[in-house]
Amino acid sequence: MSEQNQQANTVVIGAGPAGLTAAYELGKRDHKAVVLEADDVVGGISRTARVGDWRFDIGGHRFFTKVPHVQQVWEELIGDEFLVRPRLSRIFYRGRMFDYPLKPANAILGLGPVETVRIGLSYLKAQLLPSREERTFEQWVSNRFGRRLFEIFFKTYTEKVWGMPCSEISAEWAAQRIKDLDLKVAIKQALFGGLGSRGKVVTSLIEEFHYPRLGPGQMWERCADKLGARGSEVRLGTRVVRIEHDGRRVLAVHTRSKAGDEERHEGASFLSSMPLQQLFEVLDPAPPAEVLAAAARLRYRDFLTVALIVDEPELFPDNWIYIHEPDVQVGRIQNYKNWSPDMVPDPSRTALGLEYFVQEGDALWTTPDDELLALATREVEHLGLVPRGRVVDGTVLRMPKAYPVYDAVYQEALEVLRGWLAGLENLESVGRNGQHRYNNQDHSMMTGAHAAWNLGGGDFDVWGVNVEQEYHEEGQSSSVSGDRAVPSRVAPVGAKGDG
Ligand SMILES: Cc1cc2nc3c(=O)[nH]c(=O)nc-3n(C[C@H](O)[C@H](O)[C@H](O)COP(=O)(O)OP(=O)(O)OC[C@H]3O[C@@H](n4cnc5c(N)ncnc54)[C@H](O)[C@@H]3O)c2cc1C
């Protein structure tokens with residue numbers, strides 16, 4: 001084990017969108033940075049994973065923003081290979097596809113006459129005998145749409161994503177997310193027409209988004225290359241394991257390579273995009289016990305993709321499908337060649353990504369890869385999305401800490417952590433997990449950009465990005481299938497919280 005000493009103006013922790021954007025903005029001002037990245041690839045959650053020439057996205061990363069500066073940076077980095085792609089994503093339930101965002105009339109008609117009657121009766125029941133209490137997501141949705149519709153289009157997927165029963169998710173989240181569904185209008189349309197032609201409904205679902213030709217990671221690989229050309233450096237396989245400080249300033253960070261080599265990196269300023277919880281774990285000396293306890297209260301949801309290569313040229317036209325079947329564990333299925341044809345090297349085959357929302361260390365997370373491949377194969381065949389015997393290969397991708405969880409205690413914990421961090425004048429925490437905020441790439445990038453501009457003498461609010469939650473990736477979503485907003489857990493009666 002060797003120890004070396006390195007010096008750069010600014011030390012950036014993490015080569016995801018936030019860290020790389022910070023270094024890129026610094027580079028524009030001729031300010032050199034070293035970016036320390038634990039993994040062997042850049043891009044963080046927004047990487048492109050590769051097996052040979054097959055490329056996979058961790059989730060599907062639409063490049064969509066209302067922040068002009070972000071669009072400009074994307075164009076600067078990859079304008080020549082930035083595709084504009086059509087979007088189609090639907091809900092799969094009982095062998096049929098339903099519009100997403102959910103359109104009640106389409107949903108009711110698609111379920112057939114028997115189910116429509118059941119939905120109608122359960123809706124009437126909810127109108128006549130609503131649950132008096134409306135504390136939970138389950139009560140809120142059932143009161144408005146009836147129990148039956150709740151079970152089909154809300155319960156299964158929501159519980160898969162968040163790993164908690166709808167009876168424990170707060171009603172407030174439902175009220176925020178489900179704005180445009182009016183069942184009375186929908187029933188009237190279903191009975192008396194006015195639905196518009198089916199073709200019209202489908203057309204309205206198709207929007208466009210930007211996507212790099214070789215997946216989201218291509219954006220960040222380009223960014224890393226440009227940094228190199230400007231004299232900054234991205235060091236892969238270099239994990240920050242200790243942050244040395246004197247209570248007022250960070251003096252250096254210590255890294256460990258996969259081979260076990262340790263290095264000490266000094267700098268004038270430090271920007272960290274590592275998860276806030278881990279940042280507090282590696283501060284040396286350690287902060288007071290109550291601060292560490294606050295860090296330990298932050299919770300995450302993790303993400304597992306089983307990518308399958310299927311010997312079929314076309315399976316379905318969607319970029320991704322939400323799976324509402326209760327008898328399979330998969331939550332969403334990506335079809336990578338519909339994001340970009342160049343994600344797939346062999347046009348006679350298709351690559352699917354079966355997404356499972358998990359908790360690090362739980363039964364699925366720890367299942368051996370060959371069993372996960374067998375499970376995913378069984379599930380796509382069972383759903384009827386892939387003919388039997390056509391899966392020819394596959395791989396498993398695990399992404400820890402994919403989602404920061406907003407539970408009953410996170411805000412209080414975050415305040416404690418921010419308060420303590422404010423005492424270290426040359427350290428800024430940026431990015432999605434760096435701020436424990438449910439940011440897409442654009443907002444993650446802007447936290448990095450703000451921090452960089454401040455180093456150049458600016459006065460930007462690094463923690464003020466995306467606080468108003470003025471839009472989410474799913475835009476005007478009228479269904480809960482979107483996973484951009486985060487539900488909070490209702491405190492069980494008599495309990496203070498779950499943390
Ligand atoms: C399923 C899913 C779908 C998504 N879809 C979209 C979408 O459609 N559009 C969109 O814009 N955004 C989407 N996002 C959000 C997007 O992935 C994030 O906003 C973005 O990647 C966050 O960037 P970041 O740099 O803050 O963090 P990250 O991407 O998490 O990067 C942080 C980096 O820090 C490194 N790191 C951590 N600890 C250390 C350490 N100790 N030492 C050194 N390095 C370390 C990590 O390895 C990682 O590379 C999605 C996210 C998920 C989970």
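The model you are looking at is predicted. Its protein chain has 499 residues, and 48% of them are buried. Let's take the topics one at a time.

**The overall fold**

**Around the ligand**
- The ligand is surrounded by 36 residues, and the closest are G14, G16, G44, G59 and G431.
- Two or more residues of this shell come from each of helix 1 (17-28), strand 10 (238-245), strand 18 (391-404) and helix 15 (441-455).
- Sorted by class, the shell holds 17 polar, 12 nonpolar and seven charged residues.
- The ligand lies between domain 1 (3-81 + 213-288 + 406-457) and domain 3 (300-404), because both domains give residues to the shell around it.

**Two helices that meet**
- To describe two packed helices, we use the angle between their axes and the distance between the axes.
- For helix 4 (residues 113-128) and helix 6 (residues 147-162), the axes come within 6 Å and cross at roughly 120 degrees.
- On the helix 4 side, the residues at the meeting point are R118, I119, S122 and A126, while helix 6 brings R147, R148 and L149.
- The residues of this contact divide into three charged, three nonpolar and one polar.

Terms used: Residues numbered from 1 in each chain as written. Predicted model: local features only at pLDDT ≥ 70, side-chain atom pairs only at ≥ 80, totals over all residues. Buried ≥ 20, exposed ≤ 12 C-beta atoms within 10 Å, placed from the backbone. Near = placed C-beta within 6 Å. Helix = DSSP H or I, 4+ residues; strand = E, 2+ residues; numbered from the N terminus. Nonpolar A, V, L, I, M, F, W, Y, C, P; charged D, E, K, R; others polar. Domains from an automatic or database assignment. Axes fitted to C-alpha atoms, helices over the stretch in contact; angles between N-to-C directions. Contact = placed C-beta atoms within 7 Å.
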